[in-house]
Amino acid sequence: MDQRLPETKRGRSSLGELGLQQFAPYLMNRIMGRYNNTLRKDLKKQGLSVPQARALAVLSVVEGATISDLAVFTVIEQSTLSRTLDALEAQGLVRREASEADSRVRHVFMTNEGRAEFSRAWPAMEEAFAAMFKGIDEAEYAGFISTLQKVLGNIRQHDI
């Protein structure tokens, strides 16, 4: 199923010819914007921001990530991530440790309090996730994930 974008005389389509509803980056931004807005409301009650919850989510899976890797996994710019980690550390939810191999590199670990905080945040994240995929069966979801992984592979700038 080799579906190509519509072509113009120049060999490329314009956004007007393609349309926003057929432009995947637009749709992905709308979806993630809506997901983040939903989470923002729920997480605010808990005293967490979306970037803080995102960092805790990644750390719940990738224990001891370097700050550089955490920036890639969370899709948060390093300056914002640094402030996010400062806030999480001040709340006792994470700790940063120097790498044994290179003292310039910091690894980030979730504390027990951080795990408990993420456990409280996860139901809202899971509910928003479930709402996004309501009516989509397992085969459709598997195909969607496969496509997203291929797209990520096409644009990847990091090994992770």
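Q: What radius of gyration does the protein chain have, and what would a compact globule of 160 residues have?
A: This is a predicted model, and in it the protein chain has a radius of gyration of 19 Å. A compact globule of 160 residues would be near 15 Å.

Q: And what does the C-alpha trace span along its principal axes?
A: About 55 × 35 × 30 Å.

Q: OK, what about secondary structure? How many helices and strands are there?
A: The protein chain has seven helices and three strands. Going along the sequence, the pattern reads α-α-α-β-α-α-β-β-α-α.

Q: In what order do the strands sit in the sheet?
A: The order is S1-S3-S2, in an open sheet with antiparallel pairing.

Q: Why is one side of S1 and of S2 left without a neighbour in the sheet?
A: Strand S1 (65-66) and strand S2 (94-98) are at the edges and each has a single partner strand, so one side of each has no neighbour there.

Q: How many bridges join S2 and S3?
A: Five bridges, in the antiparallel sense, with S3 covering residues 106-110. As one example, Val94 has Met110 in S3 as its bridge partner.

Q: Buried or exposed?
A: Asn36 counts as buried, because its relative accessibility is 15% and the cut-off for buried is under 20%.

Q: Which residues does Asn36 touch, leaving out those up to four places away in sequence?
A: Val50 and Arg54.

Q: Now Ala131. Which helix is that in, and is it buried or exposed?
A: Ala131 belongs to helix H6, residues 112-132. Its relative accessibility is 54%, so Ala131 counts as exposed; the cut-off for that is over 50%.

Q: How far is Ala131 from Tyr35, in sequence and in space?
A: They are 96 residues apart in sequence, and their C-alpha atoms are 9.4 Å apart.

Q: Back to the whole chain. What share of the residues is buried?
A: Buried residues make up 26% of the 160.

Q: And the surface, what does that come to?
A: The accessible surface is about 11,400 Å², and carbon and sulfur atoms account for 53% of that.

Q: How many charges are there, and how far apart are their mean positions?
A: There are 21 positive and 20 negative charges, and the mean positions of the two sets are 8 Å apart.

Q: Last one: of the contacts between residues at least 6 apart in sequence, what share joins residues at least 24 apart?
A: That share is 44% in the protein chain.

Conventions:
Residues numbered from 1 in each chain as written. Predicted model: local features only at pLDDT ≥ 70, side-chain atom pairs only at ≥ 80, totals over all residues. Heavy atoms only, no water. Helix = DSSP H or I, 4+ residues; strand = E, 2+ residues; numbered from the N terminus. Rg over C-alpha atoms; globule rule 2.2 N^0.38 Å. Buried < 20%, exposed > 50% of the residue type's maximum accessible area, 1.4 Å probe, protein only. Contact = heavy atoms within 4.5 Å. Areas by Shrake-Rupley, 256 points an atom, 1.4 Å probe, with all protein chains shown as cover. Lys, Arg positive; Asp, Glu negative; His and termini not counted. Charge placed at Lys NZ, Arg CZ, Asp CG, Glu CD. Pairing = 2+ DSSP bridges.
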